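I opened the model today to look up its charged pairs, its sheet and its cores. My notes follow in the order I checked things.

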Amino acid sequence: MQFKIISIYSLALVFALSSCSGKKEEEKTVYENTKFAKGGEDTVQLSDQQMKSVGITTTTIQDRNMEKLVRLNGKAEISPSHISSVSSIMGGHIKSINVINGSHFSKGQVLAVVEDPQFIQLQQDYLVTKAQLEAARLNFNRQKDLNTSKASSDKTLQTAQADYSTLNATLKGLEEKLRIIGISAKGLSTGNIRSKINIYAPFSGFVSKILVNNGQYINPADTLFELINPTGLLLELKVFENDVNDVKVGQEILVYNNQNLDLKSNAKIVSLVPSIENGGSATAIAKLSTTNTEFVKGMYINAEVNISCRYTQGLPNDAVVAFENKNYVFEDIGKSKYKMIPVVTGISDDQFTEILKADFLKDKKIVQKGAYSLLMMLKNKAE
């Protein structure tokens, strides 16, 4: 019995020592791994297989003329002054509608036809007044002749003159009313009186909304169509806070839509809202240099602004990698080993990125193709 108790205590001691030993070994392994990661966090060694897979190429720091390219995005909108509501000067029934939503129209094109008996009455009043004016003119001339020989009184002459002047004013007013509704008084006669008038397009553009239908009675205050004049197209672009000081009124830009990336149009920045919104951007307003039917209201668009040109030092874009808001390049230090070096970047274009204070990179072999792969390997190694 005593032997069993001793054996049990001995066994427990063995397990305890074994456990402590394992714990120390585990702690040692964790320490060594952490130390390895910290000690080699800026270098990565590639095997022969990895070298073949990544396909490393190198380059050197280069002197060149560079422009800062700022990319903007936003939407196409229409200036309020170029959105027009069309109505009829006089009420009536819609006889026909000659356009549809989104259709293009030309200045002077008939958009709709309105019919009402009052149009007939207006033309009739004009013709009657015209005839009365002719009679009043003849009577006025006759009274002038009679008054010269004192065959008629001054009062009679004055009455004839007043009648003529009143009818002349009435005729001018009726003539203007006919002009407004699109009827020429000059060619009007009893043989061409009509009950319909046309609603004409005041400019060339696009139909945004149709607010009536055939047979509907409309009042003079009712809007029939909402029309868009494309010459009033404006581009509302977002400018991020870092680029606000570089974007100026009067700058020429290139704009394009997502459906046709290769077709770029010229535009000019005409206004810059001097405030930063909650999203960290300001708004720049640009206008196309020439009308382009590819751009329509509400379309998402992109823009490119070339800010400045200077002679500087840079590297190809794919040689510069970013991690945790910092920029790095990899130096080839030989024997398939690469060292990560932090750099400060400046302006960039489609091909190159400026490296500020780049003298320390002179004569160094910098990885171009494969830099991102090296970053991923180094990151995984550190983890």
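Which residues are linked with K95 in a network of salt bridges? I found E115 and K196 in that network along with K95. I note that this is a predicted model.

I then listed the salt bridges, and the structure holds 8. In one of them, E134 pairs with R137, with the closest N and O atoms 2.6 Å apart. Both residues lie in helix α3, 3 residues apart, which is about one turn of the helix. I looked up their accessibility: E134 is partly exposed at 37%, and R137 is partly exposed at 30%.

Next I took K264 and E304, whose closest N and O atoms are 3.3 Å apart. K264 is in strand β14 and E304 in strand β16, so this pair ties together parts that are 40 residues apart in sequence. At 12% relative accessibility, E304 counts as buried because the limit is under 20%. K264, at 37%, is partly exposed.

I turned to the sheet. It is open, with 4 strands in the order β8-β7-β5-β10 and antiparallel pairing. β8 and β10 stand at the edges with a single partner strand each, so one side of each has no neighbour in the sheet. Between β5 and β7 I found 4 bridges; S96 has V113 in β7 as its bridge partner.

Last, I checked the cores. The largest nonpolar core has 32 residues, and Y126 is among those with the most contacts inside it. Helix α3 supplies the largest share, 6 residues. A second, separate core has 23 residues, among them V247 and I301.

Key. Residues are numbered from 1 along each chain as its sequence is written. This is a predicted model: local features need pLDDT of at least 70, side-chain atom pairs count only at pLDDT 80 or more; totals for chains, interfaces and linings use all residues. Side-chain values use heavy atoms; hydrogens and water are left out. Two strands pair if DSSP finds at least two bridges between them. Helices (H or I, at least four residues) and strands (E, at least two) are DSSP runs, numbered from the N terminus. A nonpolar core is a set of buried Ala, Val, Leu, Ile, Met, Phe, Trp, Tyr and Cys residues joined through side-chain atoms within 4.5 Å. Buried means under 20% relative accessible area, exposed over 50%, partly exposed in between (1.4 Å probe, protein chains only). A salt bridge is a side-chain nitrogen of Lys or Arg within 4 Å of a carboxyl oxygen of Asp or Glu.
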